[in-house]
Amino acid sequence: MTATESDAATSDDWPRFRGPSGMGTSAATGLPLTWSESENIVWKTELPGSGASSPVTYGDHIYLTSYTGYLVPGQDRGSLDNLQRHVLALDRASGQIVWDKAVAAKLPEEENIRDHGYAANTCVADKSGVVAFLGKSGVIAYDHQGNQKWQADVGSNTNGWGTAASPLLVEDLVIINASIESESLVALDRATGERRWQAGGIREAWNTPIIVTADSGRKELVVARHGDVMAFDPATGDSLWTCKTGISWYMVPTGVAADGVVYFVGGRSGTAALAVRAGGSGDVTDTHRLWTSNAGTNVPSPIYHQGHLYYIDYNGSIAYCADAKTGEVVYQERLGRFDQVYASPVMAEGRIYYLARNGATLVVAARPEFQQSARNELSDGTRFDASPAVDGNRLLIRSGKYLYCIGRQ
């Protein structure tokens, strides 16, 4: 593959966590509605080790990470000294692994990470290559041929739940939510990895930052931490505003935004969702917080579509639709026997795809009346914790062992 081929963007790239907009939505058409282990599987690639990071696409490549050597589900415990992360490039057409860059873990690491393992941060890609965030082992940039360009340190702390926030590219910066590693947001130079700014106080925040455009046209970098939603100038790291969430738990789901309003869900009980109008200054809790709600979810992120928010309880028991203007619940549909949900949903062609940890996918109409269109099953003995990616008229679904390409056949 030539540099020109692998560097060339396509209109249907899914280059970062939750896609081009960061909101989990796609304008793609022709996606499969139904599949199984014997139906509509275009290809299936066994991955080295395990992981919960989501696939991203750019040009001819799919990028994702995995880990080997220690605490890989289904294998011997191994040794922490042998823990490695792998940054992988796969051929987008065939699923064949094009290159595999192993990165030894910077020790000491957590001796046990509950559920998520050691490769949960999703990569981000652009014309220059791909950037992977590997927790305390650093942020690493490669070109599309797998040549390492730089490696940067953003902190050395660890957590029993692991690290999960994904890099965000803003202009010439790589934004890292290093809440686990250093309780900070860190902006790195995209070309060199040099630190451009750092903002502290980012506690108990596993969500990936998003860019919100205020009514004034101002771009704001927004992240949720325990207790607050916070906005920063993405170019300088200067604080713009903060808003109390009323949520008493850590913040895992990534926010969504529309028409100058940002929406976050999170927590296990009590207040679990809120809406904040961007564009304020200082503490905007009394002036810009539009509503709060007790109907939220602890892990998967929401979808915004045509004035409504759609999300699923992390236990997989209830699917929600809420009015984005008021927070009022339009429906809460009990799903019966559906497994836990860690993956964030995607939406295309007016359909929302909810992926459960056991490999079941619920396909629901993106409309304010609950309508289940399909339920599809995959099973390979591992957990499906990564969020799906839309790849043109196909879906990419990653388990702890395989990457599946699903398309109409």
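Asp, Glu, Lys and Arg are counted here as charged, Ala, Val, Leu, Ile, Met, Phe, Trp, Tyr, Cys and Pro as nonpolar, and the others, Gly among them, as polar. With these classes, the lining of the second largest pocket in this predicted model comprises six nonpolar, eight polar and five charged residues. The volume of the second largest pocket is about 250 Å³, and 19 residues line this pocket, of which Ser 50, Tyr 67, Pro 73, Asp 115 and Gly 117 are the closest to its centre.

The largest pocket holds about 560 Å³ of space. Its lining is made up of 30 residues, and those closest to the centre are His 116, Ala 164, Val 252, Val 299 and Tyr 342. When the residues of this lining are divided by class, 14 are nonpolar, 12 are polar and four are charged.

Three cavities of 30 Å³ or more were counted, and the largest cavity contains about 90 Å³ of space. The largest cavity is lined by 17 residues, with Arg 85, Glu 109, Ile 113, Gly 162 and Thr 163 the closest to its centre. The lining of the largest cavity consists of five nonpolar residues, seven polar residues and five charged residues.

Strand E5 covers residues 84-91, and seven of its eight residues are buried, so that the strand is mostly covered. On one hand, E5 is joined to strand E4 (residues 61-68) by eight bridges, and the two strands run antiparallel. On the other, E5 pairs with strand E6 (residues 97-104) over seven bridges, again in the antiparallel sense, and in this pairing Gln 84 stands opposite Ala 104 in E6. E5 and E6 form a hairpin with five residues between them, and in the turn Gly 95 has a positive phi of about 85 degrees.

Glu 183 belongs to the loop between helix H2 (179-182) and strand E13 (184-189), and Glu 183 is partly exposed, because its relative accessible area of 40% falls between the limits of 20% for buried and 50% for exposed. Glu 349, likewise a residue other than glycine, has a positive phi near 55 degrees and is placed in the loop between strand E28 (346-348) and strand E29 (351-355). With a relative accessible area of 35%, Glu 349 is partly exposed as well.

The nonpolar interior can be described next. In soluble globular proteins, nonpolar side chains tend to be buried together. The largest nonpolar core of the model has 34 residues, and those with the most contacts inside this core are Val 222, Trp 241, Val 262, Tyr 263 and Phe 264. Five residues of this core, the largest share, come from strand E20 (residues 261-265). Apart from this core lies another, of 30 residues, which includes Leu 47, Val 390, Tyr 402 and Leu 403.

Phe 264, which lies in strand E20, is buried, because its relative accessible area is 2%, under the limit of 20%. Among the residues that Phe 264 touches are Asn 207, Val 222, Val 223, Ala 224, Val 229 and Met 251, as well as Pro 253, Thr 254, Gly 255, Ala 272, Ala 273 and Leu 274. Phe 264 and Arg 114 are 150 residues apart in sequence, and their C-alpha atoms are 24 Å apart in space.

Note on methods: Residues numbered from 1 in each chain as written. Predicted model: local features only at pLDDT ≥ 70, side-chain atom pairs only at ≥ 80, totals over all residues. Heavy atoms only, no water. Core = buried A, V, L, I, M, F, W, Y, C linked by side-chain atoms within 4.5 Å. Buried < 20%, exposed > 50% of the residue type's maximum accessible area, 1.4 Å probe, protein only. Helix = DSSP H or I, 4+ residues; strand = E, 2+ residues; numbered from the N terminus. 1 Å grid on protein atoms, 1.4 Å probe; cavity = no way out; pocket = protein on both sides within 12 Å on 5 of 7 lines; lining within 4 Å. Points joined across faces, edges and corners; volume = space filled by probe spheres on them. Pairing = 2+ DSSP bridges. Contact = heavy atoms within 4.5 Å. Lists of a residue's contacts leave out its neighbours within four places in sequence.
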